[in-house]
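Please walk me through this structure, starting with its aromatic rings and going on to the sheet and the core.

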Amino acid sequence: MKNLSFVLLICLVLVIACGGGKPVASKYHGNWVGENGATLYMDAEGKAGFRIGNKEVTGGGAVIDENAKTLTISLFGISETWKIDQKKKKKGEMKLSGVN
């Protein structure tokens with residue numbers, strides 16, 4: 001019984017953790033590709049992810065801090081934070097940490 005409770009607790013934690021987070025503003029939804037080959041996505045359900053070289057997160061959460069002008073995507077301690085140098089333009093571009 002003790003093992004079953006432990007397994008159920010772990011499953012519950014995983015379900016909650018994999019659910020993404022609070023959705024970012026709709027203007028940031030979509031797939032983004034940087035000039036350096038980095039990719040990231042943020043969707044309306046609050047899920048986000050990125051790939052930079054060998055570092056990858058899928059199904060994480062995104063947080064945009066308007067005061068600090070940062071975007072962070074993370075899941076289970078794997079994260080990446082970008083400085084928002086230039087917000088999204090009409091062409092669907094933005095500049096993060098010096099990369100378009």
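The structure, which is a predicted model, holds one aromatic pair. Its members are F50 and W82, whose ring centres are 5.5 Å apart and whose planes stand at 85 degrees; planes over 60 degrees apart count as edge-to-face, so this pair is edge-to-face. F50 belongs to strand 3 and W82 to strand 6, so the pair ties together parts that lie 32 residues apart in sequence. Both partners can be judged against the cut-off for burial, which is under 20% relative accessible area. F50, with a relative accessible area of 3%, is buried, and W82 counts as buried at 9% relative accessibility.

The secondary structure of the protein amounts to one helix and seven strands, and along the sequence the pattern reads α-β-β-β-β-β-β-β. An open sheet of seven strands has the order 1-2-3-4-5-6-7, and its pairing is antiparallel. At its edges are strand 1 (30-33) and strand 7 (95-96), each of which pairs on one side only.

Strand 1 pairs with strand 2 in the antiparallel sense over four bridges, and W32 stands opposite L40 in strand 2.

Further along the order, strand 4 and strand 5 run antiparallel and are joined by five bridges. Here A62 stands opposite I73 in strand 5. The hairpin of strand 4 and strand 5 has four residues between the strands, and K69 takes a positive phi near 55 degrees in this hairpin.

Next comes the pairing of strand 5 with strand 6, which is antiparallel and extends over six bridges.

Is T70 buried or exposed? With 19% relative accessibility, T70 counts as buried, because the cut-off is under 20%. Leaving aside residues up to four places away in sequence, T70 touches V63, I64 and D65, and also T81, W82 and I84. W82 in this list is the ring partner of F50.

The side chains lead on to the nonpolar core. The largest nonpolar core has 17 residues, and those that touch the most other members are L40, M42, A62, L71, I73, W82 and L96. Strand 2 (39-42), strand 3 (48-52), strand 4 (55-65), strand 5 (70-75) and strand 6 (78-86) are the elements that give two or more residues to this core.

What does A62 touch, not counting residues up to four places away in sequence? The contacts of A62 are K22, V24, M42, G46, A48, L71, T72 and I73. Among them, M42, L71 and I73 are also listed with A62 as residues that touch the most other members of the core.

Some totals complete the picture. Buried residues make up 25% of the 100 residues in the protein. Of the contacts between residues at least 6 apart in sequence, 34% join residues at least 24 apart. The accessible surface of the protein comes to about 6,800 Å², and carbon and sulfur atoms account for 57% of that.

Notes:
Residues are numbered from 1 along each chain as its sequence is written. This is a predicted model: local features need pLDDT of at least 70, side-chain atom pairs count only at pLDDT 80 or more; totals for chains, interfaces and linings use all residues. Side-chain values use heavy atoms; hydrogens and water are left out. A nonpolar core is a set of buried Ala, Val, Leu, Ile, Met, Phe, Trp, Tyr and Cys residues joined through side-chain atoms within 4.5 Å. Buried means under 20% relative accessible area, exposed over 50%, partly exposed in between (1.4 Å probe, protein chains only). Contact means heavy atoms within 4.5 Å. Two strands pair if DSSP finds at least two bridges between them. Rings of Phe, Tyr and Trp (its six-membered ring) pair if their centres lie within 6.5 Å; planes under 30 degrees apart count as stacked, over 60 as edge-to-face and the rest as tilted. Accessible areas come from the Shrake-Rupley method with a 1.4 Å probe; for residues, only the protein chains shown count as cover.
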